[in-house]
Amino acid sequence: MKDGEIALRKFDTSDEARLAELGNNKKIWDNVRDYFPHPYTLEDARAFIQLVQAENPMTTFAITFRNEFVGVAALILKLDVYRRSAEIGFWIGEPYWNNGITSKAVELIIEFGFNKLDLIRIDTGVFEFNKASCRVLEKCGFEFEGIFKNSIIKNEIIINELRYAKLKQEAQ
């Protein structure tokens, strides 16, 4: 999947060092779930890449800019009555912030989810202070659906979660 200089591709073991380097950033950790390790080590990168290489179907991709690894975009498939829905997640290394890379990557994974995985809904929750991710989602056509009050504890602080979704018919 490609749009100009931005692409989504399978992870490769050659991504380990750069994944560890970019992922080991408290600013990134502050905006993702706690299962994302901090500090983020080379061993964490190896384990993550092994995990996503085993996905079937593959739903976690390396984001590249000018063929260089810069971040991660993923769809977490839901089950049971939610089986045609997925949660989107993404992060990009700090040196690449504010360049439009994340928005292009999100557009690519949305297209993949709706057209290749036959999803009908893609949604996510954003920490209330993460304005950059809110802007990315809104730019990509996600609709703000509401606030889950006091639903998250991050850095031992209770915060609200902002919920966003995009439906398949909105993507066409």
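**Backbone exceptions, a helix pair and aromatic contacts**

Asn 98 is exposed, its relative accessible area being 74% (exposed means over 50%, buried under 20% and partly exposed in between, with a 1.4 Å probe and protein chains only). The model is a predicted one, in which local features need pLDDT of at least 70 and side-chain atom pairs count only at pLDDT 80 or more, while totals for chains, interfaces and linings use all residues. Residues are numbered from 1 along each chain as its sequence is written, and side-chain values use heavy atoms, with hydrogens and water left out.

Most residues other than glycine have a negative phi, and most peptide bonds are trans. Asn 98 is not a glycine, yet its phi is positive, at about 65 degrees. Asn 98 is located in the loop between β5 (85–92) and α4 (101–115); helices (H or I, at least four residues) and strands (E, at least two) are DSSP runs, numbered from the N terminus. Glu 156, also a residue other than glycine, has a positive phi near 65 degrees. The loop between β7 and β8 holds Glu 156, and a relative accessibility of 74% places Glu 156 in the exposed class.

Cis peptide bonds occur at two prolines, described here in turn. His 38 is joined to Pro 39 by a cis peptide bond with omega of about 0 degrees. Pro 39 belongs to the loop between α2 (26–29) and α3. The bond from Asn 56 to Pro 57 is likewise cis, and its omega is near 5 degrees. Pro 57 is found in the loop between α3 and β3 (60–65).

Two packed helices are described by the angle between their axes and the distance between the axes. For helix α1 (residues 16–23) and helix α3 (residues 42–53), the axes come within 8 Å and cross at roughly 120 degrees. Axes are lines fitted to C-alpha atoms, for helices over the stretch in contact, and angles run from 0 to 180 degrees between N-to-C directions. The two helices α1 and α3 are therefore oblique to each other (under 35 degrees counts as roughly parallel, over 145 as roughly antiparallel, 65 to 115 as roughly perpendicular and the rest as oblique). From α1, Glu 16, Ala 17, Leu 19 and Ala 20 contact Leu 42, Ala 45, Arg 46, Phe 48 and Ile 49 of α3, contact meaning heavy atoms within 4.5 Å. The residues of this contact comprise 7 nonpolar, no polar and 2 charged (Ala, Val, Leu, Ile, Met, Phe, Trp, Tyr, Cys and Pro count as nonpolar, Asp, Glu, Lys and Arg as charged, and the others, Gly among them, as polar).

Rings of Phe, Tyr and Trp (its six-membered ring) pair if their centres lie within 6.5 Å; planes under 30 degrees apart count as stacked, over 60 as edge-to-face and the rest as tilted. The count by this rule is 7 aromatic pairs. In one of them, Phe 144 and Tyr 164 have ring centres 5.5 Å apart and planes at 65 degrees, so the pair is edge-to-face. This pair links distant parts of the chain, with Phe 144 in strand β7 (residues 143–154) and Tyr 164 in strand β8 (residues 157–167), 20 residues apart. Phe 144 is partly exposed at a relative accessible area of 39%, whereas Tyr 164 is buried at 3%. One aromatic cluster is formed by Phe 11, Phe 48 and Phe 69.

Glu 138, in helix α5 (residues 131–139), is 26 residues from Tyr 164 in sequence and 8.5 Å from Tyr 164 in space, C-alpha to C-alpha. Glu 138 is partly exposed, with a relative accessible area of 45%.
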